[in-house]
Amino acid sequence: MSGFSAEWLALREPYDAAACNAAVRDAAIASIAGLDPVSIVDLGCGTASGLRALAPLIPARQTWRLVDNDLSLLARAADTERPARVQVNAVPIDLAHDLEAALDGAVDFVTTTALLDLVSAVWLERLTIECAARRLPFYGTLSYDGRIELSPRDPADEAIVAAFNAHQRTDKGFGPALGPKAAGEAIVAFTKVGYFVDREPADWVFGVRDREIQTEMLAGLATAAREIGSPRLDEIVAWLTRRRDLVAAGRSAMRIGHIDLFARPTEMRRPDRSQSNSTSPSRR
Ligand SMILES: C[S@@+](CC[C@H](N)C(=O)[O-])C[C@H]1O[C@@H](n2cnc3c(N)ncnc32)[C@H](O)[C@@H]1O
């Protein structure tokens with residue numbers, strides 16, 4: 001279990017789709033135009049929402065390597081509905097330890113959604129080096145960037161959001177997490193290894209009728225604040241009660257800041273299906 005429930009991922013999916021930055025996505029898809037078949041790796045695929053979002057927009061035959069360490073999510077990913085031209089290999093890998101195995105073999109394109117904010121600076125550097133060594137384009141969407149706007153405002157919002165952002169920096173299995181710094185650090189890291197990077201906002205926007213996702217989001221904010229230990233527990237509970245009342249009354253709206261980015265190597269790899277593009281001396 002990863003702590004990301006299939007129910008939460010399903011609740012999020014339409015908001016992810018609405019948030020997706022079309023210009024960044026189109027640049028990413030254009031980078032693999034002309035490849036047929038095309039091999040795509042989704043790192044931390046969850047239930048395969050990345051495939052459901054992208055595959056219909058790519059006219060070529062596709063093989064998706066879906067990678068996650070949560071076997072329950074991965075089983076759902078393997079079963080996802082998809083166009084006939086799309087094949088799926090669901091591969092259980094702990095990316096914290098075996099990133100290279102996820103990228104080995106015939107790969108043309110790497111994507112990930114809502115993963116970069118979980119990883120450490122060291123792991124991110126590893127990712128950029130592994131992508132650069134293979135000259136692979138990288139499309140990383142929905143990295144939380146620290147912006148949370150709650151409407152109407154509450155006096156305790158600032159303290160809760162500060163605690164949530166502090167929690168985002170705690171270890172999620174990859175070492176101290178980048179949290180809100182993830183997209184910025186990824187842009188720097190990919191630029192350092194010679195990539196061009198496009199980046200644009202891709203915010204979740206929850207309107208007054210989006211009660212269920214707001215209620216879940218508020219619970220997540222309160223839980224993070226409780227785990228950080230600030231503000232006091234009674235203040236967290238009082239804040240959560242006030243905010244839930246606003247949601248129930250149809251008076252609450254939220255914007256949660258995210259960044260989509262596409263990092264393109266200055267020179268793209270020419271696909272050669274006859275050999276592995278691995279740079280690893282051996283699989284671990
Ligand atoms: C925020 S969820 C995003 C899931 C999916 N990309 C989406 O947007 O619906 C993060 C995903 O990363 C996976 N994950 C977290 N740590 C991992 C690790 N060490 N190795 C592989 N997958 C991991 C989780 O199981 C989860 O599916």
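The legends below describe several close-up views of one predicted model.

Residues are numbered from 1 along each chain as its sequence is written, and side-chain values rest on heavy atoms, with hydrogens and water left out. Because the model is predicted, local features need a pLDDT of at least 70 and side-chain atom pairs count only at pLDDT 80 or more, whereas totals for chains, interfaces and linings use all residues.

**View 1. The largest nonpolar core.** A nonpolar core is a set of buried Ala, Val, Leu, Ile, Met, Phe, Trp, Tyr and Cys residues joined through side-chain atoms within 4.5 Å, where buried means under 20% relative accessible area, exposed means over 50%, and partly exposed lies in between (1.4 Å probe, protein chains only). The largest such core has 34 residues, and those with the most contacts inside it are L43, L95, L127 and F138. Two or more residues of this core come from each of β1 (38-43), α5 (95-103), α6 (121-134), α8 (182-192) and β8 (253-265); helices (H or I, at least four residues) and strands (E, at least two) are DSSP runs, numbered from the N terminus. Another core, of 27 residues, lies apart from it and includes L150, A163, A222 and M254.

**View 2. The surroundings of L95.** When residues up to four places away in sequence are not counted, L95 touches L43, G44, V67, A102, L115, W123, R126 and F174, a contact being heavy atoms within 4.5 Å.

View 3. An oxygen atom of the ligand, in turn, is 3.1 Å from an N or O atom in the side chain of S49. On its own the ligand has 590 Å² of accessible area, and the protein covers 96% of that area, as given by the Shrake-Rupley method with a 1.4 Å probe.

**View 4. Salt bridges.** Side chains of opposite charge can pair when their charged atoms come close. With a salt bridge taken as a side-chain nitrogen of Lys or Arg within 4 Å of a carboxyl oxygen of Asp or Glu, the count comes to 14. In one of them, the closest N and O atoms of D145 and R147 are 2.8 Å apart, and R147 counts as partly exposed because its relative accessibility is 32%. The side chains of E235 and R232 also meet in a salt bridge, at 3.6 Å from N to O; R232, at 52% relative accessibility, counts as exposed. Salt bridges that share partners join D145, R147, D203 and R255 into one network.

**View 5. Backbone details.** Most residues other than glycine have a negative phi, and most peptide bonds are trans. A cis peptide bond, with omega about -5 degrees, joins S151 and P152, and P152 is found in the loop between β5 (138-151) and α7 (157-168). L142, although not a glycine, has a positive phi of about 60 degrees; this residue lies in strand β5 and is buried, with a relative accessible area of 4%.

Conventions: A polar contact is a pair of N or O atoms within 3.5 Å; within protein, one must be able to donate a hydrogen and the other to accept it, and residues adjacent in sequence count only if both atoms are side-chain atoms.
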